[in-house]
Amino acid sequence: MNWAFITLAALAAAVVVVLLAVSFIERRQAYELAGLEAENQQVAGAATAVVYFSRSGNTALAARHLANRLGARIFALNAPAYRLGPGGLVQALGDANTLKRAPEALPDIVPRILDLSPFDAVWLGSPVWLYSPAPPIWAFVEHNRFDGKDVVLFNTYNSHFGEEHIATLRTKVMARGAKSFTHRHVLRGRMTRQLTPDQMVAAIDDWLPKRHP
């Protein structure tokens, strides 16, 4: 019995250490990436919207870069349940797992609904959690229409994403009136060996038409 208790205690301690380490890395990333590429909200007559959720700042940087390159309006989704820190990390992983078996289990997001009618194209950005786009982007798709629009899902991720989850999200987007659906993604790498911000945005540039001098 004592050995069983010691083993469980050791496992619990290991989990706590991992949560604290990941949370520390996420906070550091969020701080370092926040100042890269200014966000331009004053885009008059933009034909493209970039809507994104980001927790540690990687997808946010990707979204700002895309908005600047595309001359797009940018909209950040806030999900209070997934704040930085161990508690938010546990909630994020738990909800990502729950969403796979209970699609109706969607988080609260702000804003919940956007008027997308002025735009011809909508880029939806999200990290990948447990092989699937993060729950806030699923919630946004659930509550919005994409009538006649070209929709592009873009993901930043550490290791893998599941094609079946992308296909399910595509079905939902198309059912909400989209004209087309495309998926773009950039592999950042494990937290201790990731692409630099410059490398990541260079990879994103490959998604777009080349600029002419």
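The model is predicted, with local features requiring pLDDT of at least 70 and side-chain atom pairs pLDDT 80 or more, while totals for chains, interfaces and linings use all residues. Residues are numbered from 1 along each chain as its sequence is written, and side-chain values use heavy atoms, with hydrogens and water left out.

Ser132 lies in strand S4, residues 132-133 (helices, H or I, of at least four residues and strands, E, of at least two are DSSP runs, numbered from the N terminus). Ser132 counts as buried because its relative accessibility is 5% (buried means under 20% relative accessible area, exposed over 50%, partly exposed in between; 1.4 Å probe, protein chains only). Beyond its neighbours within four places in sequence, Ser132 is in contact with Lys100, Pro127, Trp138 and His165 (heavy atoms within 4.5 Å).

Trp138 is one of the buried residues of H4. In this helix, which spans residues 135-143, seven of nine residues are buried. The cover over these buried residues includes strands S1 (48-53), S2 (73-77) and S3 (121-129), helices H3 (86-101) and H5 (163-175), and S4.

The protein chain contains six helices and six strands. Of its 213 residues, 45% are buried.
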